[in-house]
Amino acid sequence: MRYYILFGECFTSRENTYAYLQRVFGFPDTFGNNLDALWDSLTDLKGSEIQIVNARNIIEEMGDYGMKILNVFGDLAQEGYCNVTINW
């Protein structure tokens, strides 16, 4: 099982966020930098554990789009792909 930790402080803009996620998860250079591509890439990590620390910062920095990103991770857990822990 793989374990990933994400820090809310690193979600500062869409561009920075997708670059950060690509680096942490090892997504290919062809990663699409959008929510659909994020979902598709994360579902390939089935069985992994993902912890998001200081998630409140994501919403503070990115507003509604930050909440959409968090929803992707929540859906990932709800559908049984990964174990996701979100710490506010």
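How many helices and strands does the secondary structure of the protein come to? Three helices and three strands. Before going further: this is a predicted model. Read from the N terminus, the elements run β-α-α-β-α-β.

Overall dimensions next. The chain has 88 residues, and for that length a compact globule would have a radius of gyration near 12 Å; the protein has 12 Å, so the two agree. Along the principal axes, the C-alpha atoms fill a box of roughly 30 × 30 × 20 Å. Accessible surface comes to about 5,000 Å², and carbon and sulfur atoms account for 44% of that. Of the 88 residues, 39% are buried.

Now contacts. If you take the contacts between residues at least 6 apart in sequence, 65% of them join residues at least 24 apart.

A search of the whole structure turns up eight aromatic pairs. One of these is Y18 with Y65, an edge-to-face pair with 6.5 Å centre to centre and 75° between the planes. The planes count as edge-to-face because the cut-off for that class is over 60 degrees. Where do Y18 and Y65 lie? Y18 is in helix α1, residues 14-25, and Y65 is in helix α3, residues 55-78, so the pair ties together parts that are 47 residues apart in sequence. As for accessibility, Y18 and Y65 are both buried.

Y65 has another partner. R14 lies over the face of the Y65 ring, at 3.6 Å from the ring centre.

Which residues do ring pairs link into a cluster? They are Y4, Y18, F25, F27, F31, Y65 and F73.

Is S41 buried or exposed? Its relative accessibility is 14%, so S41 counts as buried, the cut-off being under 20%. Setting aside neighbours within four places in sequence, S41 is in contact with F27 and F31.

Technical notes
Residues numbered from 1 in each chain as written. Predicted model: local features only at pLDDT ≥ 70, side-chain atom pairs only at ≥ 80, totals over all residues. Heavy atoms only, no water. Phe/Tyr/Trp six-rings, centres within 6.5 Å; stacked < 30°, edge-to-face > 60°. Helix = DSSP H or I, 4+ residues; strand = E, 2+ residues; numbered from the N terminus. Buried < 20%, exposed > 50% of the residue type's maximum accessible area, 1.4 Å probe, protein only. Lys NZ or Arg CZ within 6 Å of the ring centre and 35° of its normal. Contact = heavy atoms within 4.5 Å. Rg over C-alpha atoms; globule rule 2.2 N^0.38 Å. Areas by Shrake-Rupley, 256 points an atom, 1.4 Å probe, with all protein chains shown as cover.
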